[in-house]
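Morning, everyone. Please take a look at the next slide, and then we'll go through some side chains.

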Amino acid sequence: MDYRPEVITRFSALYAASRDGFRKESPELLNRHREGAYSDFIRLGIPDRKNEAYRYTNLEKYLSHDYQGYYLPVEEDFREAEKFHCEVQDLDVWNMVLLNGFFPHGDKGLIMLPGGIWVGSLRAAVKQFPAMVEKHYNRYVDNETDGLVPLNTALASDGLFIYAPRNTVYTKPIQIVNLLHSEKDIFVQDRNLIVVEEGAQLNLLVCDHALSPQHFLTNTVTEVFVNRNARFEIVRVQNQHNNSAKLTHTFIHQERDSFASSNNITLHGGLVRNATWHLLEGENAETHSFGLFLADKHQHVASFVKIDHAAPHCNSTQLFKGVLDDNASGAFNGRIMVRQIAQGTNAYQSNNNILLSEEARMDTKPQLEIFADDVKCSHGATVGQLDENALFYLRSRGIDAREARLMLMFGFAHDVIQNIPIEALRDRIDTLVMQRLRGELSRCASCAIQCN
Amino acid sequence: MKNDFLLQIKELKASIDNKEILKGLNLEVKPGEIHAIMGPNGSGKSTLASVLTGREIATVTHGTVTFEGRNLLEMSPEERAREGIFLSFQYPIEIPGVSMVNFMKTAINEQRKHRGQDPLSASEFLRQMREKKELVEIDSALTNRSVNEGFSGGEKKKNEIFQMAMLEPRLALLDETDSGLDIDALRIVANGVNKIRRPDTSVIVITHYQRLLDYIVPDHVHVLYDGRIVRSAGPELALELEERGYDWIRKEAEVSAESWTTGQK
Ligand SMILES: Nc1ncnc2c1ncn2[C@@H]1O[C@H](COP(=O)(O)OP(=O)(O)OP(=O)(O)O)[C@@H](O)[C@H]1O
Ligand SMILES: [Mg+2]
């Protein structure tokens, strides 16, 4: 039986209730988009496996769970969350914590970092930069293929906001720690907006943690505008637990001569689906989409990428890798669209996966639509086991079989990690991945709240 | 039980995919001895190296192999390595993403753990790396890369001998380490092997060419033909093979195989 009508009814009730609830506190600028988004959601519904982009991903188990409500921020929760410092050794970052998709209130709502970059809550940004938010909010999303995107627009009322004005450069990475913590099973919707103006440079690290064992469903939409000659890099480290489902939809819009890079490192989570859309709207732009996941038990990790070459002389790279054990499953759907105008395009895609058990399963599907003639495009996908010859080579030097397997898996994973530009962060992620491969919980050493 | 032999192979038979490759091979190696094994392509030289190092592609169906008096065939590949067996591969494997440094550090420390020693300190490890790199004149750029990844044929062979220098084996099997090396590299690699050797280190050199044996002078030369050692003699045998090829060996071997089968009947 189709589980979806009941879930849609539940979300509709939530939407109706929001009129008298959080919408009252939410800025008008965000509220203005809700009606249209809600009707888009009703029109598109919840994606099922007939939707090409969800062909191998079944949301039922996580969406049909009865979440007890929608989280509303309470001040004292934040005091607890503030204790959380996710320090990365030798890594000098500027750090901010979101709890269940919300920023703490008060002065820290929106602050300016040295160098002139603004970081903080989207709600606060609406007050301080109304024209700018209005110009970019809800402009880059795709509202035609996936009902979960407009659902976020209909319901979300806070999230991360970053504004890098013209030629601003912040040398340290900005670290955002997304915490999930609740006594109830909750549904979280955060909405993020990042604007990187001409010539500016921004480096973002987003860490997702679940601090309590409750069931969490997170539906995140992030819009990124990268203006001419600007540079934007994001690394996400997803480290939740098996009761949590994390769905991200990231829309990166790039103007001419710009550079963007997205790297999703998925260490833990019951169901994780990262959809990343890169629109190359201006000439000579470059974009990279990376992903690495390690899955075991019954976890499912899906990556959806769409690179839209809509201007000439742009370059794109996709490199996605997965290691799957036990009954884990994964999916990769990578689309490259080269529009007629996009002459001189270089587009590269690679997806490699290792299955460690007989039961693990990986589905990979490239989709290329090319309408220009001067195009260099390559793609390749593999699903296989560890290389027996390499394994023997390591063992023949005295390295035991288990360690040799770990080294090979790590080497396989490092291929993605090495694209992280900051060395200290790269080393940290190497360590987390190694711990994960060794079966230890990858917990940050200096974490004040111990993850279960 | 005291045994004079470091390695003793008796009536060894082994198959790959149910096809018998080694057909009753005997070989005895004493500590400090150098043995050369020559023989036509496909005669089973690399298969012997696989059996001795525990590679699963070959299945032993008959015979015994003892190393320092212990049953070698019962040991895992890693145990054999820690006990001091080293193979310089005919075709070294590329391992993307695994750095040479991490690889060597892990290998050395596993060996030390096996001997009840503490792991090497970082500085001591680096000192050894430097020293051994000089020994085989290997470029530092290579040891900063992933294992064998993108190395040329000759660089891969040098890298094998570099690893041998780091691990200081009791028994080194060099499977065509000379092929693919230019004249200078051959000299460097061969001299490297001589410098690495301690008086009790034994070496089995598998080669097609006399050249290498000018540097690494064998005590015994064996001809492996169709899965058996059909002739053993001193270093002069290598010269004779170089001159006359394998045809005469082949004829002799076929005659003796015939008489052997008729004798059985
Ligand atoms: N993996 C394999 N699968 C099937 N047959 C194999 C395999 N490896 C070796 N053989 C076969 O075993 C036989 C012996 O091969 P081996 O590699 O031991 O010969 P070799 O004496 O080392 O030859 P060369 O001088 O060419 O290196 C050959 O007939 C070869 O085809
Ligand atoms: Mg061979």
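Are Phe320(A) and Phe332(A) buried or exposed? Both are buried, meaning under 20% relative accessible area; exposed is over 50%, partly exposed in between, with a 1.4 Å probe and protein chains only.

Ground rules. This is a predicted model: local features need pLDDT of at least 70, side-chain atom pairs need 80 or more, and totals for chains, interfaces and linings use all residues. Residues count from 1 along each chain as written, chains are lettered from A and ligands numbered from 1 in written order, and side-chain values use heavy atoms, without hydrogens or water.

Now the rings. The whole structure has 13 aromatic pairs over all chains. Phe, Tyr and Trp rings (six-membered for Trp) pair with centres within 6.5 Å; planes under 30 degrees apart are stacked, over 60 edge-to-face, the rest tilted. Phe320(A) and Phe332(A) are tilted, 5.1 Å centre to centre, 40° between planes.

Next, Tyr393(A) and Phe89(B). They too form a tilted pair, at 4.9 Å and 55°. Both are buried.

There is also a cluster: ring pairs link Trp118(A), Phe129(A), Phe161(A) and Tyr163(A).

Charges over rings: NZ of Lys or CZ of Arg within 6 Å of the centre and within 35 degrees of the normal. Arg231(A) sits over Phe259(A), 3.9 Å from the ring centre. Lys321(A) lies over Phe412(A), at 4.1 Å.

Last, the magnesium ion, ligand 2. Its protein donors are Ser46(B) OG and Gln90(B) OE1, 2.0 to 2.2 Å away. Donors are N, O and S atoms within 2.8 Å of the metal (3.2 Å for Na, K and Ca); water is not among the atoms, so sites may look incomplete. Ser46(B) is partly exposed at 27%. Gln90(B) is buried at 16%.
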